[in-house]
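Please read this briefing alongside the sequence and the model. It is meant for a reader who has not seen either before.

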Amino acid sequence: MAEQAGSRHRYTKRRGTADTESTESFTELVADAVDEEEARRARLANRFETLVAIVLALAAVATAWSAYQSTRWNGEMAEEYNEAGALRTESVRISNEGNERTSVAVTLTADWLTAELDGNRVVADALRARMPQDLDSAMDRWLGSWQPGQPVPPGGPFIEGDYTAPEVEQAAALEKQAEAMFAKGRNANQYSDNYVLTGVVFALSLFFAGVASRFGHPRNAVRMVYAAAVLLAFGVVLLLIQPMSVGI
């Protein structure tokens, strides 16, 4: 009986020791698992913070660049509109000079025709001698082989002679330049508006990335960062397809 009691005591002691060791091993496994999970979450948190920082940095730089480009194109628009206005003003001034020259040419031609029809050779020759070179050339094209004393051909130097005051062509050329400059200004205005829109997209990306850390649930925070990244990518595409204006 004493031997059986001793054997039972030794068995109980070994079993208790084994149970204690098993419990300690389980505790160590749980602790290791917890440590590993915490380490994994720490790595995910670091990656998340790194991604947020990258998105915020890129969106901030892109927003500033969009604002700069919008300002540049707005300045070019104003400059081109001002130049178009100056060209139109010059065109009107030269056009008025051309109208005055045309009026003088009409008066000279009418007076010459009256003197010629009246047979007043002295006045007719004096008027012809005082005609500007361009009008005199148009008279030659109109009259052709006509000689004094013969019937004057029908028409006049303005249609048959293709007379046009040189200021008229200059005014038309200036007006064309003004229209082209105005079109460039209109395009610059559109580019400025496009960059404003691009800046709004980047600002939304900044907003989503900035509020991501406010969400307690990790999935919601990740969704916000993904949304910010998508907006950032979309803004970059808009940025790349726009023309750039770089200057100092």
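The model is predicted. Its largest nonpolar core has 15 residues, and a second, separate core has twelve.

**Largest nonpolar core**
- Among the 15 residues of this core, those touching the most other members are Trp-112, Met-131, Leu-135, Met-139, Leu-143 and Tyr-163.
- Two or more residues come from each of helix 1 (2-117), helix 2 and helix 3 (133-143).
- Helix 3 contributes the most, giving five residues to this core.
- Leu-143 is in contact with Trp-112, Arg-128, Val-152 and Pro-153, leaving aside its neighbours within four places in sequence.

**Second core**
- The separate core of twelve residues includes Val-55, Ala-59, Met-77 and Ala-228.

**Leu-127**
- Leu-127 lies in helix 2, which spans residues 121-129.
- Its relative accessibility is 15%, so Leu-127 counts as buried, the cut-off being under 20%.
- Not counting residues up to four places away in sequence, Leu-127 touches Leu-108, Asp-111 and Trp-112.
- Leu-108 is 19 residues from Leu-127 along the chain, and their C-alpha atoms are separated by 6.7 Å.

**Ser-192**
- Ser-192 belongs to helix 4, residues 166-211.
- Ser-192 counts as buried because its relative accessibility is 5%.

Key: Residues are numbered from 1 along each chain as its sequence is written. This is a predicted model: local features need pLDDT of at least 70, side-chain atom pairs count only at pLDDT 80 or more; totals for chains, interfaces and linings use all residues. Side-chain values use heavy atoms; hydrogens and water are left out. Helices (H or I, at least four residues) and strands (E, at least two) are DSSP runs, numbered from the N terminus. Buried means under 20% relative accessible area, exposed over 50%, partly exposed in between (1.4 Å probe, protein chains only). Contact means heavy atoms within 4.5 Å. A nonpolar core is a set of buried Ala, Val, Leu, Ile, Met, Phe, Trp, Tyr and Cys residues joined through side-chain atoms within 4.5 Å.
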